[in-house]
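Here are my notes on the model, as numbered points. Please read them with the structure open.

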Amino acid sequence: MSKESGIWQNTTHDWAMDVDVDHLELIRTDPSFDAYKTALHLILEVLAYPADEALDRGTGAAIVSLHPDGSISVSDNGRGTDTRTDGHGRMIKKPIMATKDLRFFESPDSPPLPDGLARRGMSVVASLSDWLIHSNRRTNGSWTQRYELGLPTTGLTPLHDDGTTGTTVHFLPSQRLLGEGEISVTGLQRLSRDFAPVLTVEIQDHRH
C-alpha cells in the first residue's frame, strides 16, 4: 500500500496491513480468549467504538438489533469508519476488522468493558463470527464489505449515499466457536447503560 507522508499515521490500527491471519487465528485458539466467546461480549466490543466517537463528539446513538436467524446488528450515527484515498485513487479503509487494535489488544492497561473483560477490539468480533457485514457511510463515500471468520470475502462495494453517516456491523456469532446461548435483553440493557450518558443504546428484539 502506498502512503502519503503524514496521512497514514497509525493510531488505532496498522494501515499497511489489510489482514493479519495469525492474529485472527490466535483469537479463536488461545485459551485466554475463552471468556470472550459469548455473543453478549461481542456486542459490547462493537458498541465500544461508537462510544469512543460519542465521547469525542459529545453525544451519539446506537441501535442493537437481534435478528431471527441469530445474527446481530449494531448501527450508529457517527462519522463512519475512516476511509481514505491512496496515491492511485483507490479507497482504503482503516483495517479495524482483520487486524489488531494497537491500543487494546496486547495492553495490560486496556480498559474493561461493561462485562468486566478487557477491551480487545473489533477483530475479536470478526474472527468469532461465521460472517460479518460492515456497512459504512461517510461524507466522502459509502460502501459495504463482507467477512467470514475475520477474512474479507469482498472488496469495498459502493452503497448509494443517502445523506447520512454512520456504521452498521451485522454479524452472525459462530455457534461452533461460541456455543449456543440466548441473549438476555434485560442483561444487555443493563450492561449497555454503562456507555451512557455519551452513547444512547436502543435494543430491538426481532427474534420472536
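1. Burial first. Buried means under 20% relative accessible area, exposed means over 50%, and partly exposed lies in between (1.4 Å probe, protein chains only). At 13% relative accessibility, K37 therefore counts as buried.

2. Basis. This is a predicted model: local features need pLDDT of at least 70, side-chain atom pairs count only at pLDDT 80 or more, and totals for chains, interfaces and linings use all residues. Residues are numbered from 1 along each chain as its sequence is written, and side-chain values use heavy atoms, with hydrogens and water left out.

3. Salt bridges. The criterion is a side-chain nitrogen of Lys or Arg within 4 Å of a carboxyl oxygen of Asp or Glu. The whole structure holds 15 salt bridges. One of them joins D34 and K37 (3.5 Å, N to O). D34 is partly exposed, at 46% relative accessible area.

4. A longer link. D162 and R137 also form a salt bridge, at 3.5 Å from N to O. The pair ties distant parts of the chain, 25 residues apart: D162 lies in the loop between β8 (157–158) and β9, R137 in strand β5 (residues 129–138). Strands (E, at least two residues) and helices (H or I, at least four) are DSSP runs, numbered from the N terminus. D162 is partly exposed, at 44%.

5. Aromatic pairs. Rings of Phe, Tyr and Trp (its six-membered ring) pair if their centres lie within 6.5 Å; planes under 30 degrees apart are stacked, over 60 edge-to-face, the rest tilted. The structure has two such pairs. F33 and Y36 have ring centres 5.4 Å apart and planes at 55°, so this pair is tilted. F33 and F105 are stacked, with 5.4 Å between centres and 15° between planes. F33, Y36 and F105 make one aromatic cluster. F33 and Y36 are both buried. F105 is buried too, at 6% relative accessibility.

6. Strand β2. Four of the five residues of β2 (residues 72–76) are buried, so the strand is largely enclosed by the rest of the structure. Strands pair if DSSP finds at least two bridges between them. β2 runs antiparallel to β1 (residues 60–66), with five bridges. It also pairs with β9 (residues 166–173), antiparallel, over four bridges. I72 is the bridge partner of L66, and F171 in β9 is a bridge partner of I72.
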